[in-house]
Amino acid sequence: MSRSNTHVSQEVTAQACPLVEVIDHVAGKWSISILVAAARGPVRFTELERSIEGISRRMLTLNLRRLERDGLLTRTVHPTVPPKVEYSLTAMARELHSYLTGLVEWAERHRGSIAQARTAYDLAAATTQAGQPGPQPGVR
């Protein structure tokens, strides 16, 4: 890599690194589901487990701990027998939830266009693999 490109690469890495780390934590399949479920108010572990289809108890526990560690969830233990534990979104997580809601709305609006683009791309790729020159994806 040339010297000029190395500087640009280091600058991009320095700026992108915190973003990538945060996205890795909050944009995971389970993290988003947990944040959406907890947005309705304090929620108990068993309620989360029932409302998030396909998540195991262990995966739920690991994600809850990570989200709590990141400052996105508050864990409250009520001194009862058995102990009652509730999870709530922090102010930071409520802000994130509003952005996630916008992303979901964007995805809903563009779902059809994305499906069409995928179909066109796959058709072009299949035609090219068959040895026939086909239209290039994204080129009309």
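Colleague: In which element is valine 85 found?
Modeller: Valine 85 belongs to strand β3. Helices (H or I, at least four residues) and strands (E, at least two) are runs assigned by DSSP and numbered from the N terminus. This is a predicted model, in which local features need pLDDT of at least 70 and side-chain atom pairs count only at pLDDT 80 or more, while totals for chains, interfaces and linings use all residues. Residues are numbered from 1 along each chain as its sequence is written, and side-chain values use heavy atoms, with hydrogens and water left out.

Colleague: Why does valine 85 count as buried?
Modeller: Buried means under 20% relative accessible area, exposed over 50%, and partly exposed in between, with a 1.4 Å probe and protein chains only. Valine 85 has a relative accessibility of 18%, so it counts as buried.

Colleague: Which residues are in contact with valine 85, leaving aside its neighbours within four places in sequence?
Modeller: Contact requires heavy atoms within 4.5 Å. On that basis, valine 85 is in contact with Val43, Arg44, Phe45, Arg75, Thr76 and Val77. As for threonine 46, 39 residues apart from valine 85 along the chain, the two C-alpha atoms are separated by 9.6 Å.

Colleague: What makes a set of residues a nonpolar core?
Modeller: The members must be buried Ala, Val, Leu, Ile, Met, Phe, Trp, Tyr or Cys residues, joined through side-chain atoms within 4.5 Å. The largest such core here has 22 residues, of which Leu35, Leu48, Leu64, Leu73 and Tyr87 touch the most other members. Two or more residues each come from α2 (29-38), α3 (45-51), α4 (57-69), β3 (84-89) and α5 (91-129). Helix α2 supplies the largest share, five residues.

Colleague: What does leucine 64 touch, not counting residues up to four places away in sequence?
Modeller: Leucine 64 touches Ile34, Phe45, Leu48, Leu73 and Tyr87.

Colleague: By how much does α5 bend, and at which residue?
Modeller: The bend at a residue is the angle between axes fitted to the seven residues ending there and the seven starting there. For α5 that angle is about 55 degrees, at histidine 110. The buried residues of α5 are Ala93, Leu96, Leu100, Ala124 and Thr127. Just after α5, glycine 131 has a positive phi of about 90 degrees.

Colleague: How many helices and strands does the protein chain have, and how do they run?
Modeller: The protein chain has five helices and three strands, in the order α-α-β-α-α-β-β-α from the N terminus on. Of its 140 residues, 22% are buried.
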